[in-house]
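The following note sets out points for a colleague who is reading this structure.

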Amino acid sequence: MILSIKDVAKNYGAATALSGLSLDISSGGVFGIVGPNGAGKSTLMKILATLIKPSKGSCFLDGQDIQKNPNAIRKVLGYLPQDVTVYPNLTATEFLDYIASLKSLKSSDARKQINTLLEIFNLTPYAKRRLSEYSGGMRQRVGISAALLGDPKVVIVDEPSVGLDPVERINLRNLLVGMAKTRIVLLSTHIISDIETTANQLALIQKGEMLFHGSPAEFTQNTSGDMESAYLAYMGQRALT
């Protein structure tokens, strides 16, 4: 499975959010999109999730244009936006049941998956509590669980570790790495440590432009394997241009 981004740009009036990005993303490992807040990462994620259209360029999933045929990706997509929307009067179980029904999951499959995800994200003791009583981090975990329901073949998560504690972040990374063996997994973040031990390919974006695309080893080849130093070096180079 290959997700191809071909010369994608996005303008909002006179402002440019993305400027001619091209990438090929395949299954077999987590692909990290990294950059500071406002770099254009979320815009790219929304284009790939078919929530907005690019001003220029196209995106393809196994050769099918997802702007012309959005169901090509929607039917296999698990998407976690940066801002998770939940229904405050529902419990976690009720909310996930609702999402499972939207994804047309069989009741028995939905129950098994919901129980597994609640356990992975340490939500089982709070499963019957209304979401209005949840902390921001707990709602984030529910949102991640909703994105992963239905065994999606393309997983797009935008800033997924916001509000998670260290153990939960490790659990999420391990889950994404495991899923990426047979799926496309795209992780967008401004936190270098989120991709340091997770991604086998990454792209660095700043002000809508791609500054780097390659492996973590290539990214850090001039900084003795230090991801944070490599990131700061690229940001410094961009600031000088």
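**Notes on the predicted model**

1. The lining of the largest pocket comprises, by class, 18 nonpolar, 5 polar and 5 charged residues. The model is a predicted one, and the pocket in question has a computed volume of about 730 Å³. Its lining amounts to 28 residues. Of these, Tyr79, Ile99, Leu102, Lys103 and Ala146 lie nearest the centre of the pocket. Strand E6 (77-80), helix H3 and helix H5 (136-148) each contribute at least two residues to this lining.

2. The second largest pocket has a volume of about 160 Å³. Its lining is made up of Gln113, Thr116, Leu117, Ile120, Leu148, Asp151, Pro152, Leu175, Met179 and Arg183. Two or more of the lining residues come from helix H4 (107-120), and two or more from H6. H4 provides the largest share, with 4 residues. Sorted by class, the lining holds 6 nonpolar, 2 polar and 2 charged residues.

3. How many cavities of 30 Å³ or more does the model contain? The count is 1. The largest cavity holds about 60 Å³ of space. It is lined by Pro160, Ser161, Arg169, Leu172, Arg173, Leu176, Leu187 and Asp194. Helix H6 (residues 166-180) gives the largest share of this lining, namely 4 residues. By class, the lining of the cavity divides into 4 nonpolar, 1 polar and 3 charged residues.

4. The buried residues are Lys41, Ser42, Thr43, Leu44, Met45, Ile47 and Leu48. Just after H1, Thr50 adopts a positive phi of about 65 degrees.

5. A nonpolar patch on the surface is formed by Tyr87, Tyr98 and Leu102. Together these residues have about 310 Å² of accessible area. Tyr98 belongs to helix H3 (residues 92-102). Its relative accessibility is 34%, and Tyr98 therefore counts as partly exposed. Leu102 has a place in two of these points: it is a member of the patch, and it is also among the residues nearest the centre of the largest pocket.

6. Asn122 has a phi near 55 degrees, a positive value in a residue other than glycine. Asn122 is situated in the loop between H4 and H5. With a relative accessible area of 36%, Asn122 is partly exposed. Lys207, likewise not a glycine, has a positive phi of about 50 degrees. Lys207 sits in the loop between strand E9 (199-206) and strand E10 (209-214). Is Lys207 buried or exposed? Its relative accessible area is 56%, and the cut-off for exposed is over 50%, so Lys207 is exposed.

Conventions:
Residues numbered from 1 in each chain as written. Predicted model: local features only at pLDDT ≥ 70, side-chain atom pairs only at ≥ 80, totals over all residues. Heavy atoms only, no water. Patch = residues over 30% accessible without salt bridge, like charges linked within 9 Å, V, L, I, M, F, W, Y side chains within 5 Å. Areas by Shrake-Rupley, 256 points an atom, 1.4 Å probe, with all protein chains shown as cover. Salt bridge = Lys/Arg side-chain N within 4 Å of Asp/Glu carboxyl O. Buried < 20%, exposed > 50% of the residue type's maximum accessible area, 1.4 Å probe, protein only. 1 Å grid on protein atoms, 1.4 Å probe; cavity = no way out; pocket = protein on both sides within 12 Å on 5 of 7 lines; lining within 4 Å. Points joined across faces, edges and corners; volume = space filled by probe spheres on them. Nonpolar A, V, L, I, M, F, W, Y, C, P; charged D, E, K, R; others polar.
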